[in-house]
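Colleague: Could you take me closely through the ligand site, setting out what surrounds the ligand and how the protein covers it?

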Amino acid sequence: MKKIYIGTNLKMFKTIAQTTAFLQGLEERTKHVSRDEMCLFVIPSYTALESATKAVSLDSVKLGAQNMHWESQGAFTGEISPMMLKELDLDIIEIGHSERRQQFGETDYGVNKKVLSACAHGFIALVCVGETREQKDAGISEETLSAQLKIALMNVSPDNADKIWIAYEPAWAIGAGGTPASPEYANDMHKVIKRTLRDCLGDRADSVPVLYGGSVNYENSRELIVQDAIDGLFIGRAAWEAEPFAKIIDLVLPLWKEKMKAKV
Ligand code: PGA
């Protein structure tokens with residue numbers, strides 16, 4: 001794993017103009033960082049996607065959508081299809097964010113259909129998994145993560161491993177009321193995820209990056225990124241302005257490089 005993966009989901013925030021300004025600011029403030037060392041990505045709202053693809057070089061900032069229906073077309077009012085997203089220069093489809101699971105009834109089986117469709121259409125599927133507070137308190141975090149992943153990756157060929165990214169985002173850690181996971185806890189869950197990925201994808205699983213998300217900020221990013229099994233950060237609120245986002249990148253990148261050196 002050579003590159004650090006670092007990105008943000010803009011959720012239902014930012015107009016088209018605000019998204020464009022954010023992306024251009026981010027590109028400018030991160031231009032000193034080689035993209036051989038960092039994969040930087042942003043996931044804006046649907047309405048901002050087309051202009052986003054023109055606002056920045058897609059070699060410097062990869063773009064993605066926050067959701068996608070699995071069918072290419074059909075009578076699915078309010079949904080967006082892979083064919084429609086394929087018309088844009090997008091790399092990533094985020095699938096199964098906990099807000100979609102909890103507030104919009106998304107199931108593990110629906111996530112699986114979307115993952116298969118994303119792979120079939122040549123997108124990277126950024127699959128979000130994470131236990132709820134109740135599941136954690138009941139002592140079933142590991143079982144929950146492993147079940148979510150095994151269902152999400154059902155029938156995904158190991159040949160598609162390079163199209164899979166995973167974000168571990170415990171539901172209790174996300175958003176303004178969330179408590180960030182301790183770095184040790186997050187690392188332990190990443191290890192569970194990596195073991196499960198091997199069950200699903202064999203050796204090819206080693207190329208799948210596993211990112212941590214959930215109340216990541218400048219202060220805790222340092223402790224998180226030095227953890228052995230954390231391959232990147234998926235940040236919400238703390239990354240929604242270019243300057244503070246770039247500061248997190250500048251903080252974690254040297255730590256990441258040291259970690260990589262120590263692994264060789
Ligand atoms: P947060 O969001 O960093 O604001 O907690 C994370 C996410 O939902 O991906």
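Modeller: A residue is taken as near a molecule if one of its heavy atoms lies within 4 Å of it. By that rule the ligand is surrounded by Lys11, His97, Glu169, Ala173, Ile174, Gly175, Gly214, Ser215, Val216, Gly236 and Arg237. The model is a predicted one, in which local features need pLDDT of at least 70 and side-chain atom pairs count only at pLDDT 80 or more, while totals for chains, interfaces and linings use all residues. Residues are numbered from 1 along each chain as its sequence is written, and side-chain values use heavy atoms, with hydrogens and water left out.

By class, the shell around the ligand has three nonpolar, five polar and three charged residues, where Ala, Val, Leu, Ile, Met, Phe, Trp, Tyr, Cys and Pro count as nonpolar, Asp, Glu, Lys and Arg as charged, and the others, Gly among them, as polar.

Turning to polar contacts (pairs of N or O atoms within 3.5 Å), an oxygen atom of the ligand is 2.7 Å from an N or O atom in the side chain of Lys11, and a ligand oxygen is likewise 2.7 Å from a side-chain N or O atom of His97. Taken alone the ligand exposes 280 Å², and the protein buries 99% of that, with areas from the Shrake-Rupley method and a 1.4 Å probe.

Notes
Polar contact = N/O pair within 3.5 Å; in protein donor to acceptor, adjacent residues only side chain to side chain.
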